[in-house]
Amino acid sequence: MGDALGVSDKEQDIAILRRLARGEQAALGELYDIHAPRLTAIAIRLLGSESEAEDVLHDVFVEVWKRAGDYDPERGTVRTWIAMRLRSRCLDRLRSPSRRGQLLEEQHMGSGEMRLDLDGPRLQQALSALPSPQRDVLCMAYFDGLSGPEISEALSIPLGTVKSRIAAGLEKLRSALAPRHAESAR
């Protein structure tokens, strides 16, 4: 929410980021206080580990500190700008060879509950096969937790286009990830 003067959240974020670009250290703390809870939740959802999420969040805010001057309000909100950086760092971590080995080890040790391996080869292959516009909106919606209007704003495309890309991408993923025994039963 904006402050008592009626400054919108977006305008407030831009003002804080501009102060950060000028080297005002306190601005980093303000930006962190505003966005860290939501970003932490996204990172935990993506990585499945609170400690990894905190590590990535730290890296993202260091990057925000260094690159605050690169922010362009015409390309999206500060919130989206930071969330895209977070998503990218989380996906980098998920794709790292050490992370894959860790996931395999956890699955074989049997934690007593089923884990969904979001970095599984079938999912990766299915996502890779999607046209990039469909893949991008799906990742923003499901991995970043962005709403349709937020995606629309971040990509500068109409909301209807976002919705149709999500629907088409989901349909292709359903087909690609359908149980294999269903294919042989036909």
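This is a predicted model: local features need pLDDT of at least 70, side-chain atom pairs count only at pLDDT 80 or more; totals for chains, interfaces and linings use all residues.
User: Where does serine 156 lie, and what is its phi?

Analyst: Serine 156 is in the loop between helix H8 (148–155) and H9. Its phi is near 55°, which is a positive value in a residue other than glycine. For context, most residues other than glycine have a negative phi.

User: What makes threonine 80 buried or exposed?

Analyst: Threonine 80 comes out at 6% relative accessible area. Buried means under 20%, so threonine 80 is buried. Threonine 80 is part of helix H4, and beyond its neighbours within four places in sequence it is in contact with Leu146, Glu150 and Ala154.

User: Which residues of H3 and H4 meet?

Analyst: On the H3 side, the residues are Glu52, Asp55, Val56, Leu57, Asp59, Val60, Glu63, Val64 and Arg67. On the H4 side, they are Trp81, Ile82, Arg85, Leu86, Arg89, Cys90 and Arg93. Sorted by class, this contact of H3 with H4 has 8 nonpolar and 8 charged residues, with no polar ones.

User: How do you know that aspartate 55 and arginine 93 meet in a salt bridge?

Analyst: Their side chains come to 3.9 Å, N to O. The cut-off is 4 Å, so the pair qualifies as a salt bridge. It links distant parts of the chain, with aspartate 55 in helix H3 and arginine 93 in helix H4, 38 residues apart.

User: What separates arginine 89 and aspartate 92 in helix H4?

Analyst: About one helical turn, because arginine 89 and aspartate 92 are 3 residues apart in H4. Their side chains form a salt bridge at 3.5 Å, N to O, which is within the 4 Å limit. Arginine 89 is partly exposed at 26%, and aspartate 92 is partly exposed at 42%.

User: Why is arginine 174 called exposed, and glutamate 171 partly exposed?

Analyst: Arginine 174 has a relative accessible area of 51%, so it is exposed. Glutamate 171 has 45%, so it is partly exposed. The two form a salt bridge, with the closest N and O atoms 3.6 Å apart. They are 3 residues apart in helix H9 (residues 159–177), which means about one helical turn lies between them.

User: How many salt bridges does the structure hold, and which residues are linked in a network?

Analyst: The structure holds 12 salt bridges. Arg19, Arg22, Glu24 and Glu30 are linked in a network of them.

How values were computed. Residues are numbered from 1 along each chain as its sequence is written. Side-chain values use heavy atoms; hydrogens and water are left out. Contact means heavy atoms within 4.5 Å. Helices (H or I, at least four residues) and strands (E, at least two) are DSSP runs, numbered from the N terminus. Ala, Val, Leu, Ile, Met, Phe, Trp, Tyr, Cys and Pro count as nonpolar, Asp, Glu, Lys and Arg as charged, and the others, Gly among them, as polar. Buried means under 20% relative accessible area, exposed over 50%, partly exposed in between (1.4 Å probe, protein chains only).
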